[in-house]
Amino acid sequence: MLSQYAEAEQWLLEAQTLVPEGATAWFKTQEIRLVNAMYASDYGAAWKQLHAMLQHPAFQALNSLNQESWRLYQGYLYFLARSGRLNLSPREKAMQKNSG
């Protein structure tokens with residue numbers, strides 16, 4: 001599975017160059033990267049991907065349906081953190097507590 005994860009990541013990195021950064025299709029490519037990391041149980045990579053997208057300037061321009069997908073991933077990753085499967089830094093833990 002890990003070799004497939006790495007191969008998929010390479011394809012996704014190439015695919016993201018085919019659309020303008022910040023476009024809806026670009027965010028969808030990033031979402032697939034996050035899901036790929038989660039399937040490989042690379043929750044740290046998924047967490048970094050999530051927060052990079054939530055902080056991207058174009059995120060607020062996405063429609064609410066597309067934003068909601070990211071919020072669902074955020075909730076799932078918070079669950080993994082609370083269950084001990086995702087290690088967060090003290091700063092990240094504070095962000096988690098402050099977000100709800």
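Start by selecting Ser41, in the loop between helix H2 (24-39) and helix H3 (43-54); helices here are DSSP runs of H or I of at least four residues, numbered from the N terminus. The model is predicted, so local features need pLDDT of at least 70 and side-chain atom pairs count only at pLDDT 80 or more, while totals for chains, interfaces and linings use all residues. Residues are numbered from 1 along each chain as its sequence is written, and side-chain values use heavy atoms, leaving out hydrogens and water.

Check the backbone of Ser41: phi is near 60°, a positive value in a residue other than glycine. Most residues other than glycine have a negative phi. Ser41 counts as partly exposed because its relative accessibility is 46% (buried is under 20%, exposed over 50%, partly exposed in between, with a 1.4 Å probe and protein chains only).

Of its 24 residues, Phe27, Leu34, Leu50, Trp70, Leu77 and Leu86 touch the most other members. H2, H3 and helix H4 (64-82) each supply at least two residues of this core.

Finally, zoom in on Leu34. Setting aside residues up to four places away in sequence, Leu34 touches Ala46, Gln49, Leu50, Trp70 and Tyr73, where contact means heavy atoms within 4.5 Å.

Conventions
A nonpolar core is a set of buried Ala, Val, Leu, Ile, Met, Phe, Trp, Tyr and Cys residues joined through side-chain atoms within 4.5 Å.
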